[in-house]
Amino acid sequence: MRNMMRHLFLAFGIALLAAVTSGTAAAVTVAPHHTPITSISPGDGAVVGIAHPVTVRFGAPVTDRARAEQSVHVGHLNGTFSWRSDRELVWTSNGMLPANTGFTVSAGDTRTEFRTNGGTTADADMSAHTFTVFVPGQAPRVMPASMGKPGRETPVGTFPVMEKDRTIVFDSRTIGIPLDDPEGYYLTGEFAERLTSGGVFVHSAPWSVGDQGYANVSHGCINLAPGDAEWYYNTVSVGDPVTAHW
């Protein structure tokens, strides 16, 4: 019996070796692991501005970021990647997205589609104290504005509108100013468009109408007269770019 078992084990070992060397052992190869994707923004069917980034959110921390980036494609466009956290990857196009165009986003095995709008843009000139909106097919609308005062300057650059709020509470504590500070404030704003996560908005500012077009007096936001702010709120889309400069 002992000799019989020895021969059986020997025969099994030879058969296993033959399977490996002949390639039949490929059936036990483990497929590469993909971190599950929970969402892609813009969502399927969304219509957004030409500066809208693509955000991919994963269901677990991503350990191989290079591999995750290689799995993301937005049409045939080139772009750059950044990480907001170990679960959130952001793709930004090199230049503006083409207007009135559909795009397919692929991230691993997940697919979604979105479209861009006509290409509305805005220009905030901090030297001229103007906010000019360019809507394709229409004459530019030039509005008096007030931007960030010395020490609280509006950041320079191009920023896509992140969100729109019909009403919003502005609290100076969110930008590091206590309420009991002479610069402190807590008030309700209207017709607001967020430009940065740090709290820069375009919004209605009836309290600074006298300075709009003449001086920069805000804490970094772009102040507009109520009527102009309402018009822009009704015209702009999330993802439309705003360029601030001197």
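## Asn223 and the terms that describe it

Tutor: Leaving aside neighbours within four places in sequence, Asn223 is in contact with Pro144, Ala145, Ser146, His203, Ala205, Trp207, Ser208, Gln212 and Ser218; contact means heavy atoms within 4.5 Å. The model is predicted, so local features need pLDDT of at least 70 and side-chain atom pairs count only at pLDDT 80 or more, while totals for chains, interfaces and linings use all residues. Residues are numbered from 1 along each chain as its sequence is written, and side-chain values use heavy atoms, with hydrogens and water left out.

Student: Why is Asn223 called buried?

Tutor: Buried means under 20% relative accessible area, exposed over 50%, and partly exposed in between, using a 1.4 Å probe and protein chains only. Asn223 has a relative accessible area of 3% and is therefore buried.

Student: What makes the link between the side chains of Asn223 and Ser208 a polar contact?

Tutor: A polar contact is a pair of N or O atoms within 3.5 Å; within protein, one must be able to donate a hydrogen and the other to accept it, and residues adjacent in sequence count only if both atoms are side-chain atoms. The side chains of Asn223 and Ser208 are joined at 3.0 Å. The side chain of Asn223 also makes a polar contact with that of His203, at 3.4 Å.

Student: Where does Asn223 lie?

Tutor: Asn223 lies in strand S16. Strands (E, at least two residues) and helices (H or I, at least four) are DSSP runs, numbered from the N terminus. An open sheet of four strands, with mixed pairing, has the order S13-S14-S15-S16.

Student: Why are strands S13 and S16 called edge strands?

Tutor: Two strands pair if DSSP finds at least two bridges between them. Strand S13 (163-171) and strand S16 (222-224) each pair on one side only. Arg194 has Phe201 in S15 as its bridge partner.

Student: How is Pro144 classed, as buried, partly exposed or exposed?

Tutor: Pro144, found in strand S11 (residues 141-144), has a relative accessible area of 38% and is therefore partly exposed. Among the residues that Pro144 touches are His129, Gln212 and Asn223.

Student: Why is the pair of Phe58 and Trp83 called stacked?

Tutor: Rings of Phe, Tyr and Trp (its six-membered ring) pair if their centres lie within 6.5 Å; planes under 30 degrees apart count as stacked, over 60 as edge-to-face and the rest as tilted. The ring centres of Phe58 and Trp83 are 6.1 Å apart and their planes are at 20°, so the pair is stacked. Phe58 is in strand S3 (residues 54-58) and Trp83 in strand S5 (residues 79-85), 25 residues apart. Phe58 counts as buried at 7% relative accessibility, and Trp83 counts as buried at 19%.

Student: What makes the pair of Phe131 and Tyr232 edge-to-face?

Tutor: The planes of Phe131 and Tyr232 are at 85°, with 5.1 Å centre to centre, and the pair is edge-to-face. Phe131 lies in strand S10 (residues 130-134) and Tyr232 in helix H3, so the pair ties together parts that are 101 residues apart in sequence. Both Phe131 and Tyr232 are buried.
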